[in-house]
Structure formats: structure tokens, C-alpha cells
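This report goes through selected features of one protein chain. Please keep the sequence and the coordinates at hand while reading.

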Amino acid sequence: MTVESWIESLTEDQFPDLVITRSHSIPIVVDFWAPWCGPCRTLGPLLEKLANEFSGKFILAKINVDEAQGLAQQYKVQSIPTILGFWQGKPLKEAVGAQPETILREFISDLIPGKAWLLAREAKELADSGHLNAAEEAFRKSLGENPNEPSALLGLAKLISESEPEAKDEKLSAALELLERIPFGTPEQKDAERVAAIIRTKASVGDTQQLKNALRENPKDLQVRLDLGLALASDKHYQEALENLLEVIRQNRLFSEEAARKRMLDIFELLGPNHELTEHFRKELARLLFR
């Protein structure tokens with residue numbers, strides 16, 4: 001990466017791609033300034049000095065507020081210079097005025113991801129290229145650096161759930177424990193909910209045909225019907241699974257700590273909100289719960 005590539009002057013139109021999108025892979029420090037601003041002429045050279053010193057660990061994006069008034073208004077820039085630190089698509093840090101170099105160093109250092117995140121990114125790249133054993137090792141190294149690194153927790157759980165279709169229940173349980181450690185409100189949380197739903201629907205509860213036979217012998221056995229719903233979901237027979245889970249709720253909505261309702265929600269998460277099965281059975285579930 002050349003010096004020119006980590007210090008850039010951007011227009012308002014370039015902001016979504018070169019700041020918001022790009023900040024998912026590298027921190028961006030945005031300097032809101034103007035040519036007529038005296039403090040800006042003090043702060044600007046300091047930021048450029050630090051950008052050169054950090055050698056591409058962050059991007060310095062300079063925004064002339066006279067030419068980007070919409071952005072200044074959007075981010076409530078009321079005086080200049082103002083700097084915003086973007087990471088994972090969001091402004092996480094702000095400083096107003098001509099800050100001393102020590103404060104700027106701290107601002108930038110807090111924004112730059114640590115070794116754990118960098119190892120997790122390397123692990124994801126390995127997983128995407130099919131090097132699954134090396135990816136798992138890198139994810140575990142990341143968690144060794146920081147046991148609560150969200151991207152490593154999510155990545156390792158996904159590796160288990162996606163690369164081992166016949167994974168044993170203890171491994172699936174371990175993956176769920178990883179997902180439960182992802183802090184609330186992090187960018188990884190929403191993806192974690194979907195991965196958790198996938199893992200829970202993989203849990204083995206018995207042979208589908210045996211469960212169907214047992215249910216024919218005793219149609220009122222809610223445990224058998226619940227297990228059949230879970231087994232059908234594990235086999236990706238989602239409509240039949242949802243029908244059986246809904247019937248459990250119809251007969252006893254609180255059975256087994258509302259397991260049927262929880263598994264229906266997992267299937268909805270797995271299929272997505274716009275899937276026809278999700279739309280149909282969500283309405284049926286609502287009718288039962290709120291009648």
C-alpha cells in the first residue's frame with residue numbers, strides 16, 4: 001500500500017463506498033475540514049503524519065465541508081475540525097478541535113483492531129478458500145488472544161456448523177456456547193442468531209420413521225410429536241416439521257418449556273422472513289398464541 005492510498009480526499013458521493021463499506025475491513029479516520037479554517041491547518045498535518053507512521057493500519061479520509069454540506073449535517077458536524085473514527089460501518093469515536101498529538105495517537109490506537117481480530121480475519125480468509133483445518137487453528141489462536149473476539153466466536157461456530165454436517169451433538173453444543181458469548185449489539189450478533197438456528201435444527205433426536213410410527217400408535221404423545229418435528233427439521237422437511245410443532249403448541253403451548261415455539265422461531269430464522277412457509281406459519285402461530 002502506498003502513502004497516497006492511505007491518505008485520501010473524498011467527495012460526498014464517494015463516502016458510502018470508501019468510508020462506510022470499506023470500514024468493515026479497515027478503520028477510517030474522517031477529517032472534516034475547510035481551507036479557511038485555521039485549526040484545520042494545524043490538525044491536518046498531524047493526522048497525515050500519523051497516517052504515514054501507521055503505514056496503512058487506518059485510512060485518513062479528508063472531507064471538505066464546503067463541498068460536502070450534506071455529510072456534515074448528517075453527522076452533526078457543528079464546528080471544524082471534527083474527526084470521526086469509523087469501524088464496521090459505524091462512527092465509533094469523535095474529537096472536535098485541534099487536538100494534540102498524544103490525544104490523536106490514543107484516538108487512532110483505540111480504533112485499530114487488535115491481534116485477535118486480525119487473526120480472525122485471516123481465519124475467515126482461510127475458511128473461504130477451503131483450508132478448514134488451518135482456519136480452525138487461526139480462529140482458536142484469535143480466541144487465545146481475546147476469548148471474547150466476536151468475529152472469531154462467530155467464525156469458529158460457523159465452521160463447525162457448515163463443515164461438519166454430521167457433527168456430534170457435543171460439537172454442536174460447543175458451537176452454541178461460542179455463539180452465546182458474542183456480546184449483544186455487535187455487528188456479528190444478527191448473523192449469530194441465524195447460525196444458532198441452523199445448529200439447533202441439526203440436533204439429532206431420533207429416527208424420523210420410527211417417530212412417525214410411534215406417533216401413529218399414540219397421537220396424543222406430545223414428546224414424540226415434538227421429537228418428530230425436530231427430526232423433520234433436521235432432515236430439512238420444514239413444512240411437515242412446522243405442522244407438527246404447531247400441533248404441539250395447539251395442544252399445550254407450554255410443553256417442554258415452550259420448545260415447539262422456540263424451534264418454530266429457529267426455522268423461521270433459517271428460512272428467512274419472506275419465505276412462504278415463514279409467512280404462513282408465523283400467522284398460524286400468532287393465532288394460537290394471541291387468541
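The model is predicted. In it, 5 strands make up an open sheet with mixed pairing, and their order is E1-E3-E2-E4-E5. The edge positions are taken by E1 (7-9) and E5; each has a single partner strand, so one side of each has no neighbour in the sheet. From one strand to the next, the twist averages 20°.

Helix H5, residues 101-111, packs on this sheet. H5 touches strand E2 (28-33) as well as E4 and E5, and its direction makes about 20° with that of E4.

Strand E4 spans residues 82-87 and strand E5 spans residues 90-96; the two pair in the antiparallel sense over 6 bridges.

## Thr82

Thr82 lies in strand E4. Is this residue, Thr82, buried or exposed? The relative accessible area of Thr82 is 2%, and buried means under 20%, so Thr82 counts as buried.

A polar atom of the Thr82 side chain lies 2.6 Å from the backbone oxygen of Ser79. Leaving aside residues up to four places away in sequence, Thr82 touches Val30, Asp31, Phe32, Val77, Glu94, Ala95 and Val96. Among these contacts, Glu94, Ala95 and Val96 fall in the range of E5, residues 90-96, while Val30, Asp31 and Phe32 fall in that of E2, 28-33.

## Helices H12 and H14

Helix H12 covers residues 222-234 and helix H14 covers residues 255-271. Their axes come within 11 Å and cross at roughly 20°. Angles under 35 degrees count as roughly parallel, so H12 and H14 are roughly parallel to each other. The crossing of H12 past H14 is left-handed.

Which residues make the contact between H12 and H14? On the H12 side they are Leu222, Gln223, Leu226, Leu230 and Ala233. H14 contributes Phe255, Ser256, Ala259, Ala260, Arg263 and Ile267.

Conventions: Residues are numbered from 1 along each chain as its sequence is written. This is a predicted model: local features need pLDDT of at least 70, side-chain atom pairs count only at pLDDT 80 or more; totals for chains, interfaces and linings use all residues. Side-chain values use heavy atoms; hydrogens and water are left out. Two strands pair if DSSP finds at least two bridges between them. Helices (H or I, at least four residues) and strands (E, at least two) are DSSP runs, numbered from the N terminus. Buried means under 20% relative accessible area, exposed over 50%, partly exposed in between (1.4 Å probe, protein chains only). A polar contact is a pair of N or O atoms within 3.5 Å; within protein, one must be able to donate a hydrogen and the other to accept it, and residues adjacent in sequence count only if both atoms are side-chain atoms. Contact means heavy atoms within 4.5 Å. Axes are lines fitted to C-alpha atoms, for helices over the stretch in contact, and angles run from 0 to 180 degrees between N-to-C directions. Angles under 35 degrees count as roughly parallel, over 145 as roughly antiparallel, 65 to 115 as roughly perpendicular and the rest as oblique. A crossing is left-handed if the near helix is turned anticlockwise from the far one by less than a right angle, and right-handed if clockwise.
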